[in-house]
Amino acid sequence: MATLKDIAERCNVSLGTVSRILNEDTTLKVTQSVRNAVLQTAQEVGYVPQRLRNQHRYTIAFTCAPIAKSGYEQAFFARLERLSAKFDVQLSYYTETQKFDGLIVLGDFAEEQLNGFSRNCTHLLLINSQQCEYKYDRIIMDYDNAEEQVLSYFLAKGIEDIGYFGGIHQEGDAVIGQRRLQYFKKLLQEHSVYQQRNFVIGTMDAMSGYFLVKTAKHIPRAMLISDCAFAEGALRGLKEIGSECEVVVYQDMESPVVPYEYPYATLQIFSDAVFHTAVKLLIERMSGERDTVFSITVPAKLIPKFEGETK
């Protein structure tokens, strides 16, 4: 069966745009040519809108705070969509013009915004929100523990020459990568293994990763690479210089696509279990099975070293 992703890829637009056009969201500002292209493509691939399929028991929407990193929101939605298929729910992007049984909210929103969501959705599930009042179910990713696992992994191998190679992305007020950099530096300082030369910072892209590895005056015996885009170039560079560095790649949402074979471990922040739990928690509230608010902290998963794919 054709999916929203199939249509989005063919029309070169986002999943959210396709969803809102097919759900006849009149508030969406797109050109008529884009709207016509999506509708025509949906017809060509045989896509059947959710409202015309067998009705699901619950409707769940998804929204997230503005995130500067391209593709993050779409990647999150795609995994939710895949996992929600196991449940009796219909998943779509949140719009103010529709009513939903539940809403999955990623990131920080002001209290006023959450109150606005609750007027359209009976139940909210917050992910990585700093909201402290026990009004909604919450899932919190333990980022600090994630980096502690990496340090323990390196130290257990008897390695103290440890570094951090990665990027910082800033767009407006949004900064990605700064917190993970600072916390890892703090951890190494606390264990008396911090060396300034081992912290090499650029931008979150493959070119930066490749250049910084190839021009580094010193490659540590072990390193945490800050993100998957940077890792594409960094791992290629490590392969070319014949390095035997122990590497852990920080995988927030996307997956590494490594064009050169180089062994690395993965620090997986969002596992499928997180998304599965989010939907289950909402269903428990929507069905009346539970009226107690849950706040769940989820650790990252350090996946042992494997070989990158050779393209």
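Rings of Phe, Tyr and Trp (its six-membered ring) are taken as a pair if their centres lie within 6.5 Å; planes under 30 degrees apart count as stacked, over 60 as edge-to-face and the rest as tilted. In this predicted model, that rule gives a count of 15 aromatic pairs. Two of the pairs are set out below.

| Ring pair | Centres apart | Angle of planes | Arrangement |
|---|---|---|---|
| Tyr 94 and Phe 100 | 6.0 Å | 40 degrees | tilted |
| Phe 109 and Phe 117 | 5.2 Å | 80 degrees | edge-to-face |

Tyr 94 is buried, with a relative accessible area of 15%, and for Phe 100, also buried, the value is 5%. In the other pair, Phe 109 is buried at 15% and Phe 117 is buried at 9%.

Ring pairs also join Phe 62, Phe 76, Phe 77, Tyr 93, Phe 270 and Phe 275 into a cluster.

Charged side chains lie over rings as well. Arg 180 is placed over the face of Tyr 250, 4.0 Å from the ring centre. Arg 290 is over the face of Phe 294, at 4.1 Å from the ring centre.

The second topic is helix 1, which spans residues 4–11. Its buried residues are Leu 4, Ile 7, Ala 8 and Cys 11. Because these residues cover an arc of only 100 degrees around the axis, they are on the same side of helix 1. Glu 9 and Arg 10, on the other side, are exposed. The cover over the buried residues includes helix 2 (15–22), helix 3 (32–45) and helix 4 (72–84). After helix 1 comes Asn 12, with a positive phi near 60 degrees.

Key. Residues numbered from 1 in each chain as written. Predicted model: local features only at pLDDT ≥ 70, side-chain atom pairs only at ≥ 80, totals over all residues. Heavy atoms only, no water. Buried < 20%, exposed > 50% of the residue type's maximum accessible area, 1.4 Å probe, protein only. Helix = DSSP H or I, 4+ residues; strand = E, 2+ residues; numbered from the N terminus. Arc of directions from axis to C-beta. Contact = heavy atoms within 4.5 Å. Lys NZ or Arg CZ within 6 Å of the ring centre and 35° of its normal.
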